[in-house]
Amino acid sequence: MQSLRRLAVVAVSFVLVAFMAACGGGGDEPEATPSSSSTPPSQSPSPTEPSPTETAWQDKYTDAQLGAYEEALARYQEYETRSEPIWAAGKATDRAEAIFKQYYPSPLWQGQDRLLNSYEQGGVTRTGLADVYWSRAKSISDSGLSVVVNQCVDYTPIVTKQNGKEADRPAWALKPNLRTITLEKPEGSDWLIYGVVDASSGKARPCTP
């Protein structure tokens, strides 16, 4: 019981993302952060009309690879949307376990289930989703069955509470940071999440929105 309570206290500092980062591993390598410094703010392109710089990363991939990237990214977004109410409630349930099993391979889904149990024991809830400024492929395998996604993310919309009291935000969560998501599509399966790495490990990963 005491160990679960300690885990829950750590969870107040966005441990959900930290745990996923630990599952992914290898996420603290230097990252080139895309920059829009050459474009004055008053002349920034609209979201529906990306500039050549914003889409240049696509040029090295085939249509099939880009299709795989879009599927993998959509799968992760689907998981975030479906799991947000679970972390907001902070209760370990059969439904929560079923959702974890749909989106994570074993034993990673069990890790998510244990973490949710620590939330329940510690009275921790995590409400809201991060705002994503942009998403781009870091790598796509030739087979199209493995995709690594880089995202520039703003975590400020997320509110973490313990026993109803809002927790202080860690310094890294106050500015845009890079999030790296690894997804794979095993034979006979839909896309699964194999790791998420961001600044929650303590090393800032700043990015330019």
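1. Two strands are said to pair if DSSP finds at least two bridges between them, and helices (H or I, at least four residues) and strands (E, at least two) are themselves DSSP runs, numbered from the N terminus. The structure discussed here is a predicted model, in which local features need pLDDT of at least 70 and side-chain atom pairs count only at pLDDT 80 or more, while totals for chains, interfaces and linings use all residues. Residues are numbered from 1 along each chain as its sequence is written, and side-chain values use heavy atoms, with hydrogens and water left out.

2. As to the overall layout, the chain has six helices and seven strands, and along the sequence these follow the pattern α-α-α-α-α-α-β-β-β-β-β-β-β. Of its 209 residues, 41% count as buried, where buried means under 20% relative accessible area, exposed means over 50%, and partly exposed lies in between (1.4 Å probe, protein chains only). The accessible surface of the chain comes to about 10900 Å², and 52% of that belongs to carbon and sulfur atoms; these areas come from the Shrake-Rupley method with a 1.4 Å probe, and for residues only the protein chains shown count as cover. Among contacts (heavy atoms within 4.5 Å) with a separation of 6 or more, 71% are between residues 24 or more positions apart.

3. On the helical side, one pair deserves a description. Two packed helices are described by the angle between their axes and the distance between the axes. The axes of helix α4 (residues 63-89) and helix α6 (residues 108-122) come within 11 Å and cross at roughly 30°, which makes α4 roughly parallel to α6. Here the axes are lines fitted to C-alpha atoms, for helices over the stretch in contact, and angles run from 0 to 180 degrees between N-to-C directions; angles under 35 degrees count as roughly parallel, over 145 as roughly antiparallel, 65 to 115 as roughly perpendicular and the rest as oblique. The residues that meet are Tyr79, Ile86 and Trp87 in α4 and Gln112, Leu115, Leu116 and Tyr119 in α6.

4. Pro107 lies in the loop between α5 (94-103) and α6, and the peptide bond that joins Ser106 and Pro107 is cis, with omega at about 10°.

5. Turning to the strands, β3 (residues 146-154) has eight of its nine residues buried, so it is largely enclosed by the rest of the structure. Strand β2 (residues 131-140) pairs with β3 in the antiparallel sense over eight bridges, and Val132 stands opposite Val153 in β3. β3 also pairs in the antiparallel sense with strand β6 (residues 177-184), over eight bridges, and there Val147 stands opposite Leu183 in β6.

6. Leaving aside its neighbours within four places in sequence, Leu145 is in contact with Leu183, Glu184, Lys185 and Trp191. The C-alpha atoms of Leu145 and Lys185 are separated by 5.1 Å, although these residues are 40 residues apart along the chain.

7. A separate open sheet entry concerns three strands in the order β1-β4-β5, with antiparallel pairing. Its edge strands are β1 (124-127) and β5 (165-166), each of which pairs on one side only. Four bridges join β1 to strand β4 (residues 159-162), and Arg126 stands opposite Thr160 in β4. In the loop between β4 and β5 sits Asn163, which has a positive phi of about 50° although it is not a glycine; Asn163 is exposed, with a relative accessible area of 64%.

8. Finally, the structure holds one disulfide, a term used for a pair of cysteine sulfur atoms within 2.5 Å, and this disulfide joins Cys152 to Cys207 with an S to S distance of 2.1 Å. The pair links distant parts of the chain, for Cys152 is in strand β3 and Cys207 is in the segment after β7 (192-197), 55 residues apart. The torsion about the S-S bond of Cys152 and Cys207 is about 85°, so the disulfide is right-handed. Cys152 counts as buried at 0% relative accessibility, and Cys207 counts as buried at 9%.
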